Amino acid sequence: MVSLETSKAIAMQEILIISGKGGTGKTSVTAAFAHLAAGAVICDLDVDAPDLHLILDPAIKSSHDFISGNLARVAPDKCDGCGKCAELCRFQAITLKDAKAVVDEFNCEGCKVCVTFCPTRAIDFPDNFCGRWYISDSRFGPMVHAQLFPGEENSGRLVALLRQEAKKLAESNQAEIILSDGPPGIGCPVISSLSGSSLAVIVTEPTQSAIHDLERVARLCSHFSVPACVLVNKADLNQPLAEDIERRAGQQGLVSIGRLPFDQIFVQAVVAGKAVTEIGDDRSASALRKAWQKIESILNNGKTQPKGETKK
Amino acid sequence: MKIAVASGKGGTGKTTVASSLFSVWPELAAAMDLDVEEPNLHIFLGPDPRRLRTVWLEVPELDEERCTYCGLCSELCQFKAISIFDGVGMTFPEMCHGCGGCFEICPADALKVKRREIGSIHGNQRFLMGRLRVGEAMSPPLIRAVRREAEQIFDPGMDIIMDAPPGVSCPAAAAVRDTDFILLVAEPTPFGCHDLKLAHQAFRPFGIPMGVAVNRAGIGDDSIYSYCSGTGLEIMAEIPFDRAAAEAYSSGQIVARFSEKMRSLFRVLADSIRRKVLQRQEG
């Protein structure tokens with residue numbers, strides 16, 4: 001069935017590269033796709049340990065503080081050591097030392113319970129400055145990225161903010177594609193990256209660990225009704241497992257978009273600060289080109305046959 | 001003693017190192033997988049461990065019969081999990097962080113305790129793991145629950161090898177805190193070095209001694225070596241890149257059992273970690 005293009009507005013598509021298991025090659029793949037996509041808005045949503053900028057070498061155009069949530073802070077002169085706060089805190093963030101409440105900032109969830117119930121109003125609740133985010137220019141296109149300060153929380157909120165900024169940037173640049181490097185795992189920042197995306201590209205590898213993790217991340221995609229496809233990296237490390245992954249992926253309704261060889265060029269490219277597709281036309285680069293073509297055709301099909309929910 | 005195996009970057013070989021250390025550890029040891037989003041250690045240590053229990057978070061449910069719509073709860077909630085507006089009250093249990101403030105503040109006793117499953121704990125006398133429910137966002141409470149479970153289940157004298165989640169934010173911090181040693185597994189690449197720095201900075205305030213195991217030594221560049229020598233972070237092992245070992249890992253084998261060379265490498269690493277912790281405990 002073919003539907004008419006009713007609107008002249010550009011249909012923006014958000015492609016998210018994820019993996020479940022870390023270290024399967026998300027960032028190398030994202031860099032190559034950013035090179036091939038030419039003109040996409042590029043976004044690094046792994047705000048906890050971002051690496052994409054090491055390849056894209058972006059020139060920062062604007063830098064912004066990320067202030068999110070609050071932290072409890074005890075004014076010792078006002079604290080009478082009653083212990084009410086420590087008793088109510090469900091995050092083990094408050095202990096009493098020398099009859100004064102002491103907040104452990106790493107455990108503090110910023111829930112305000114201690115602030116609210118302190119009988120002597122001894123606890124302040126200052127804003128939490130927990131990172132920085134940037135709008136930059138890279139040789140592959142405009143880029144939105146961030147760095148959460150080490151040990152901080154609120155990564156989900158920072159991811160949501162970056163996605164919003166990427167959309168604004170895509171609108172002003174008339175870009176049709178937002179390409180995002182996602183975080184590992186299936187928790188808070190991944191959920192924040194995934195919900196409402198147009199397509200998830202799951203980069204996996206033929207190891208028992210990665211298969212286990214792929215199954216969970218694929219379930220997460222289906223939970224949020226995001227269509228997903230699978231790219232098997234380091235495929236020749238274990239050929240039978242690579243085939244097994246593709247078979248299982250098919251059973252879970254995921255499209256396989258190809259295999260990448262176990263190839264030193266990935267490390268060489270990172271060391272050189274280049275995308276794999278920039279430094280040669282070998283088998284890895286051509287497999288990445290084919291994979292990107294498949295993604296483009298999935299996206300084109302998606303325009304006429306909407307699949308799942310795509311929040312705009 | 002508790003040893004956390006951590007890394008900033010994912011996929012640097014935490015589970016490879018944790019399973020290998022566990023298999024060569026000279027004393028009776030237990031293992032714990034705190035990468036609850038994507039736990040893999042059990043794949044190497046044996047069959048799927050028994051489910052011990054479900055971990056819940058207490059979330060509110062509104063009893064509109066009792067609610068006076070005073071709005072104190074929604075004003076307190078920092079996570080937009082309760083909305084009271086114009087005579088309509090709603091809860092959004094998936095947004096709740098489980099602080100319990102709303103139960104405490106409600107003057108009309110209109111909030112009932114409901115539970116949200118965040119995940120489950122699996123294991124036995126020598127091994128524990130958490131498994132986050134798919135769709136659940138909050139892993140730190142589950143990580144803390146697994147650690148509390150360990151205090152109940154493991155013999156108090158036993159050494160514990162802990163596989164931490166990747167990254168440097170709250171889940172990783174919840175896993176490495178209150179341990180005796182943090183072993184950072186890093187790859188000798190620009191990505192590996194960048195994320196090692198982040199992990200080193202994030203964990204330094206905890207005051208726990210740290211060391212580095214370089215995995216896939218020989219690939220990439222020298223950046224992590226200069227970072228470590230510049231900051232005094234000790235490189236305690238270099239695990240050479242070996243395609244045959246990588247293939248063994250891919251099918252779920254413990255790398256320390258792959259060859260005599262690997263076994264003795266991990267045995268030396270285990271000994272030097274133990275020596276450091278014991279020296280610190282005595283001194």
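R177(B) and D104(A) join their side chains in a salt bridge, with N to O at 2.6 Å. The count of salt bridges between chain B and chain A is four. The model is a predicted one.

**Interface between the chains**

- Polar contacts link 27 residue pairs between chain B and chain A, both residues at pLDDT 80 or more.
- Several elements of chain B each supply at least two residues to the side that touches chain A: helix 2 (41-45), helix 4 (101-105), strand 7 (127-132), helix 5 (140-153), helix 7 (190-203) and helix 9 (243-250).
- Helix 7 of chain B gives the most to that side, with seven residues.
- By residue type, the side of chain B that touches chain A holds 26 nonpolar, 20 polar and 14 charged residues.
- In contact terms, 60 residues of chain B meet 64 residues of chain A.
- About 5,100 Å² is buried between chain B and chain A, and carbon and sulfur atoms give 59% of this area.
- Within chain B, the residues that lose the most area to chain A are E38(B), V134(B) and F191(B); together they make up 15% of what that side buries.

**Helix 9 of chain B**

- D242(B) caps the N-terminal end of helix 9 of chain B. A side-chain oxygen of D242(B) lies 2.9 Å from the backbone nitrogen of A244(B).
- After helix 9 of chain B comes G252(B), with a positive phi near 95 degrees.
- Buried residues of helix 9 of chain B are A245(B), A246(B), A248(B), Y249(B) and S250(B).
- These buried residues pack against elements of both chains: helix 7 (208-223) and helix 8 (239-251) of chain A, and helix 1, helix 2 and helix 10 (260-282) of chain B.

**Helix 1 of chain B**

- Helix 1 of chain B spans residues 14-24 and is mostly covered, with ten of its eleven residues buried.
- Among the buried residues of helix 1 of chain B are K14(B), V17(B), L21(B), F22(B) and V24(B).

**Nonpolar cores**

- The largest nonpolar core has 95 residues.
- Those with the most contacts inside this core are I18(A) and I202(A) from chain A, and M32(B), F154(B), L184(B), L196(B) and F203(B) from chain B.
- Leaving out residues up to four places away in sequence, I202(A) touches residues including I18(A), L214(A), V217(A), C221(A), V230(A) and L254(A).
- A second, separate core has 38 residues, including A32(A), I42(A), F266(A) and A275(A).

Methods. Residues are numbered from 1 along each chain as its sequence is written. Chains are lettered from A and ligands numbered from 1 in the order in which they are written. This is a predicted model: local features need pLDDT of at least 70, side-chain atom pairs count only at pLDDT 80 or more; totals for chains, interfaces and linings use all residues. Side-chain values use heavy atoms; hydrogens and water are left out. Contact means heavy atoms within 4.5 Å. Buried area is the accessible area (1.4 Å probe) that two parts lose on being put together, summed over both. A polar contact is a pair of N or O atoms within 3.5 Å; within protein, one must be able to donate a hydrogen and the other to accept it, and residues adjacent in sequence count only if both atoms are side-chain atoms. Helices (H or I, at least four residues) and strands (E, at least two) are DSSP runs, numbered from the N terminus. Ala, Val, Leu, Ile, Met, Phe, Trp, Tyr, Cys and Pro count as nonpolar, Asp, Glu, Lys and Arg as charged, and the others, Gly among them, as polar. Buried means under 20% relative accessible area, exposed over 50%, partly exposed in between (1.4 Å probe, protein chains only). A nonpolar core is a set of buried Ala, Val, Leu, Ile, Met, Phe, Trp, Tyr and Cys residues joined through side-chain atoms within 4.5 Å.
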